[in-house]
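This report describes selected features of one protein model.

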Amino acid sequence: MNEYEIIDLLTKAAGRLPRGYLPIGDDVAALPSSPGKLVLKSDMLVGRTDVPPGMTWRHAGRKAVAMCVSDFASKGVSPQALMVSLGIPRTLEDRDIRAMIRGFQDGMAEWGLHLVGGDTNEADDVMIDCILTGFTDRIVGRGGAGPGDLVVVTGEFGTTSAGLKILLEGARAAPGFRRRALQNVYRPSPRLKLGLALRDYLSSAMDSSDGLAICLHTLAEASGVGMRIDRLPYGGRSLEGFASENHYRVDELVLYGGEEYEIVGTVPKDRIAEAEAAARAVGSELTVIGETTGESGIVTVNGREIEKRGWIQLG
């Protein structure tokens, strides 16, 4: 049973939520508060599956925080308080624990968070469970897109996937591209400032950490639309050269890699100029990669229907 099947069982077990709650399955949870909504997010980093070779424990601590921050970014919500629960093996050295905590502090300083509590316990592997909270009067859900909206992303895809190929499969890469790819893996950069700037323009959005293809399918299904993608968002010749040298396909790296921590969303056509201006105002760019259609659940890239797959735990 993979993670999506387990989530489906939990969603059914939860039953019908009271009015005002965000449905289970979105990037964050939200429930009525005064004023607005209380927003919550929990995400778990596990040493064996989420800490690749070469990642320091300081990087891992920061990544655990970044994973939650990225989901807040995609919802257009500013996080405030952080809780951290740790599962620590007896074999983990004191210096590694201290480094991990420095990583939490890095994330707290970078995204303006306050650590307010958590828990510690013994475990067979390192487990870091972060919980973020915040308040908002508006959340960008996954189900708000309509036919004719533009499909947008906040950055490039495929480079992080290449970094994981370098670390896990020994793929070869030019020195400059290798440095950039590994930096993407070790220090993910969630788009919090950009997500906050875009929240009034996005009709739907989600965090891309499970991969671009999964995002496109999930948003399409939640909104009851299709998606026609005519541009793959990647940096060009560097990724093409890496793929050619290692006998990978560029579209596979871009669509199915995961771990990018970008925002994938939709914007009504009549608001795209405002959205692009808002992105530029915070020093970023918004890339249009396609358009939603009336063919519910059908996602195509350059005329070819694509699979719903990517970074799936227990898959």
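## Cysteines

A disulfide is defined here as a pair of cysteine sulfur atoms within 2.5 Å. A search of the whole structure finds 0 disulfides. Cys68 takes part in none, the nearest cysteine sulfur being that of Cys130, 5.4 Å away.

Burial is judged by relative accessible area: under 20% is buried, over 50% exposed, and in between partly exposed (1.4 Å probe, protein chains only). Cys68 is buried, at 0%, and Cys130 is likewise buried, at 0%.

## Basis of the model

The model is predicted; local features need pLDDT of at least 70 and side-chain atom pairs count only at pLDDT 80 or more, whereas totals for chains, interfaces and linings use all residues. Residues are numbered from 1 along each chain as its sequence is written, and side-chain values use heavy atoms, with hydrogens and water left out.

## Helix H5 and its cover

Helices (H or I, at least four residues) and strands (E, at least two) are DSSP runs, numbered from the N terminus. Gly170, with a positive phi near 70°, follows H5.

H5 and H6 pack at an angle of about 95°, with their axes 8 Å apart; axes are lines fitted to C-alpha atoms, for helices over the stretch in contact, and angles run from 0 to 180 degrees between N-to-C directions. H5 is therefore roughly perpendicular to H6, a class that covers 65 to 115 degrees (under 35 is roughly parallel, over 145 roughly antiparallel, the rest oblique). In this contact (heavy atoms within 4.5 Å), the H5 residues include Ile166 and Leu167, and the H6 residues include Phe177 and Tyr186.

## The sheet

An open sheet of 7 strands has the order S7-S9-S6-S10-S8-S11-S12, with mixed pairing; two strands pair if DSSP finds at least two bridges between them. Its edge strands, S7 (204–207) and S12 (304–305), each pair on one side only. Helix H8 (residues 212–223) packs on the sheet, and its direction makes about 145° with that of S7.

Strands S8 (residues 226–229) and S10 (residues 287–293) pair in the antiparallel sense over 4 bridges. Within S10, Gly290 is the bridge partner of Ile229.
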